[in-house]
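Look over the model, then read on.

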Amino acid sequence: MTMCGQCQQQNPDDANFCHQCGAKLMDVRASSDETAAGSTTAQPIQDEETRWRRFIGPNADYYLRVFKKFSLNGQPRFALSWNWPAFLYISFLWFLYRKMYLHAFVYAVGPMVSTYLTGDVSAGIIWSVMAGATANYLYYWHCREHIGEIKQTGRMDPVAQDTALKESGGVQPYVIWVGVVFYLIFLATLVKMVQEGPPDTDQPPGRPAKHAVLSPQA
């Protein structure tokens, strides 16, 4: 049934004019459709947790639980936590996966420079431990800063705000395949080294042969 906007009379859906006052019902339907469309338009994101979830993307539940450690009375604070993917999955690739480009650059160059300066290949392990211990906290600040910047654009319409959260945050799935390629190369190199065996080392020079002292014949 279609209600007349002038006299509130209920009319059949196929009626073009009100049976009581004769008003045109097509205009009423058009205005009703516009109102319904407007009600389904995306509303501004008021819930702070919703913003964080849309920015984080995959594993939002896990990171939101961890992020609670880094906030005390609304103020950020450092707390120890551990991120296994950042430790086990080549560190700079994890930061790249989470779109933390500056951190990815630091963790890509840092281990190489440290190994070059110290000559110790274990420097890379130290960097991995650092990444595992600080990745969650660094990611918390990354989310906090970018969400704050998006919130400051108060005039941004709801759809654009939602799009900005997803584009600025989220993950880059292709990085997973880059990591798989790295590990395959590493395993192939390791297998080749095992097959070839340890490198040959220079043998210490043997004792010089004793020269027989020939005594003159009597």
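How many nonpolar, polar and charged residues does the lining of the second largest pocket have? The lining has 4 nonpolar, 1 polar and 7 charged residues. Ala, Val, Leu, Ile, Met, Phe, Trp, Tyr, Cys and Pro count as nonpolar, Asp, Glu, Lys and Arg as charged, and the others, Gly among them, as polar.

This is a predicted model: local features need pLDDT of at least 70, side-chain atom pairs count only at pLDDT 80 or more, and totals for chains, interfaces and linings use all residues. Residues are numbered from 1 along each chain as its sequence is written, and side-chain values use heavy atoms, without hydrogens and water.

**Second largest pocket**
- Its space is about 220 Å³.
- Among its lining residues are Glu48, Arg53, Asp61, Lys68 and Arg144.
- Helix 2 (48–56), helix 3 (60–67) and helix 7 each give two or more residues to this lining.

**Largest pocket**
- The largest pocket holds about 710 Å³ of space.
- It is lined by 21 residues, and Ile90, Ser91, Gly124, Ser128 and Phe186 are the closest to its centre.
- Helix 9 supplies the largest share of the lining, 7 residues.
- By class, this lining has 16 nonpolar, 5 polar and no charged residues.

**Helix 6 (101–118)**
- Helix 6 also supplies at least two residues of the lining of the largest pocket.
- Ala104, Tyr107, Gly110, Pro111 and Ser114 of helix 6 are buried (under 20% relative accessible area, 1.4 Å probe, protein chains only).
- Helix 5 and helix 7 are among what covers these buried residues.
- Just after helix 6, Gly119 has a positive phi of about 70°.

Key: On a 1 Å grid over the protein atoms alone, a cavity is a set of points where a 1.4 Å probe fits but cannot get out, and a pocket is an open set with protein on both sides within 12 Å along at least five of seven lines; lining residues have an atom within 4 Å of a point. Grid points are joined across faces, edges and corners, and a volume is the space filled by probe spheres set on the points. Helices (H or I, at least four residues) and strands (E, at least two) are DSSP runs, numbered from the N terminus. Buried means under 20% relative accessible area, exposed over 50%, partly exposed in between (1.4 Å probe, protein chains only). Contact means heavy atoms within 4.5 Å.
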